[in-house]
Amino acid sequence: MTESGKKSPMPSCIKDGWFSEIEPMWPGQKLSIALEGFSSDAILYNESSEFQKILVFKSAQHGNVLVLDGVIQLTENDEFVYQETITHLPMMAHENPKNVLIVGGGDGAVLREVCRHKSVEQITLVEIDQKVIDVAKEYFAESTAIAFDDSRLTIVNQDAAEFLEKQNASDRKGYDVIIADTSDPVGPAESLFDPSFYEQMYEALNDGGIVCAQSECFWTQPELIENIFACSSDIYDAVEYASTYVPTFPCGQIGFLLAGKGNGLDLTKPARPMTNELKHQLQWYTAEMHSASFVLPKFLEDRLGLLRPTDEDYEDVEENDASEDCFLKGCVIS
Ligand code: SPD
């Protein structure tokens, strides 16, 4: 039933008890997830907000699933991978993050992860669609939407590009970390993939500040990634691309653009040790995972123009050396 009491039409992405994700950004493929009991009774919410179609259903194997405009945003079963990666990469690459901006993130999961950091004093969450927050509080109350009561949080319902433009024109203090937890660049998040938004985020950072933005799948969107990486390299002082695995996202893969303001930043390593408390709370992120996220396939490194060691960086060892190791600037590679 809709909120006005009328029966909602069955969404076209659900047929015979299966949800199928079909999107022109990834033509020729569709991930399908079974509804619990293969029944439309498992549809928990199916309404259009001012900005998008919002669907929540209970799945057979993946817990509750949040879908915006027909695209999976999270399943309760695997969401921790994406949320921990997009959050703790920038939070741990920063030495002491105090003021954090979350762009989007209405499901509350990035907020949940940011709140684990005791150094944080202020969190601003700019979500254009309050309905996503309301739906998350109702249907993801025990998984993603558990930190909306945190006293450090301010919620703003506004387009994040407009929000930053206005804020940058004022003399408000900047952010240490900005996390752009957006949907795909179709619909309400389109403006958040524009180079001008990357400029706005740079301006909104403190010195030493770090941006981490959802940056799509390298199998389906390599051009978009290449463009965002190139434009960010013109704007920021340090730029990297990280990748992780999310089984219910297209091709099971999603990437993140990390970019920093200031000299001497190394985004590819944690800047400090994790507390034992944080270690125990997480399921995916570790210091090793942090570095490993930046190991990319050769074709993507080539597209992004990332420098790899050349043959001249290697020295062959003596032919009679039984180990046949070679040496790269002091590292042994067997
Ligand atoms: N193609 C799916 C990209 C979804 C990214 N947003 C996920 C939001 C989870 N907090």
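Is Cys217 buried or exposed? In this predicted model, Cys217 counts as buried, because its relative accessibility is 3%, under the 20% limit for that class. The residue lies in the loop between β12 (205-214) and α6. Beyond four places in sequence, Cys217 touches Pro222, Ile225, Pro250, Cys251 and Gln253. Thr275 is 58 residues away from Cys217 along the chain, and their C-alpha atoms are separated by 31 Å.

Cys251, one of the residues touched by Cys217, sits in the loop between β13 and β14 (253-260). Its relative accessible area is 38%, and Cys251 is therefore partly exposed. The phi angle of Cys251 is near 60°, a positive value in a residue other than glycine. Asp69 also has a positive phi, near 45°, and is likewise not a glycine. Asp69 is found in the loop between β6 (64-68) and β7 (71-75). With 36% relative accessibility, Asp69 counts as partly exposed.

The overall fold was described next. The protein has nine helices and 17 strands. Its radius of gyration is 21 Å, close to the 20 Å that the globule rule gives for 334 residues, so the protein is as compact as a globular protein of that length. The C-alpha trace spans about 80 × 50 × 40 Å along the principal axes. Of the 334 residues, 54% are buried. The accessible surface comes to about 16300 Å². Carbon and sulfur atoms account for 48% of that surface. Contacts between residues at least 6 apart in sequence were also examined: 65% of them join residues at least 24 apart.

Helix packing was examined for one pair. Two packed helices are described by the angle between their axes and the distance between the axes. Helix α5 (residues 195-204) and helix α6 (residues 222-235) have axes that come within 10 Å and cross at roughly 35°. The crossing of α5 and α6 is right-handed. On the α5 side, the contact is made by Pro195, Tyr198, Glu199 and Tyr202. On the α6 side, Ile228, Cys231, Ser232 and Ile235 take part. Six residues of this contact are nonpolar, one is polar and one is charged.

Individual buried positions were then considered. Val114 lies in helix α2 (residues 109-114). At 0% relative accessibility, Val114 counts as buried. Leaving aside neighbours within four places in sequence, Val114 is in contact with Thr87, Met91, Val100, Ile102, Val120, Ile123 and Ile179. Leu205 is 91 residues from Val114 in sequence and 17 Å from it in space, C-alpha to C-alpha.

Ala242 is placed in strand β13 (residues 238-245). Its relative accessible area is 0%, so Ala242 is buried. With residues up to four places away in sequence not counted, Ala242 touches Leu89, Ile254, Gly255, Phe256, Leu258, Ser293 and Phe294. Ala242 and Thr85 are 157 residues apart in sequence, with 9.0 Å between their C-alpha atoms.

Leu89 is also among the contacts of Tyr285. Tyr285 is found in the loop between α7 (276-281) and α8 (287-292). This tyrosine counts as buried, because its relative accessibility is 4%.

Ser143 is in the loop between α3 (130-139) and β10 (153-156). With a relative accessible area of 13%, Ser143 is buried. Neighbours within four places in sequence aside, Ser143 is in contact with Glu76 and Arg112.

Definitions and conventions. Residues numbered from 1 in each chain as written. Predicted model: local features only at pLDDT ≥ 70, side-chain atom pairs only at ≥ 80, totals over all residues. Heavy atoms only, no water. Axes fitted to C-alpha atoms, helices over the stretch in contact; angles between N-to-C directions. Helix = DSSP H or I, 4+ residues; strand = E, 2+ residues; numbered from the N terminus. Left-handed = near helix turned anticlockwise from the far one by under 90°. Contact = heavy atoms within 4.5 Å. Nonpolar A, V, L, I, M, F, W, Y, C, P; charged D, E, K, R; others polar. Rg over C-alpha atoms; globule rule 2.2 N^0.38 Å. Buried < 20%, exposed > 50% of the residue type's maximum accessible area, 1.4 Å probe, protein only. Areas by Shrake-Rupley, 256 points an atom, 1.4 Å probe, with all protein chains shown as cover.
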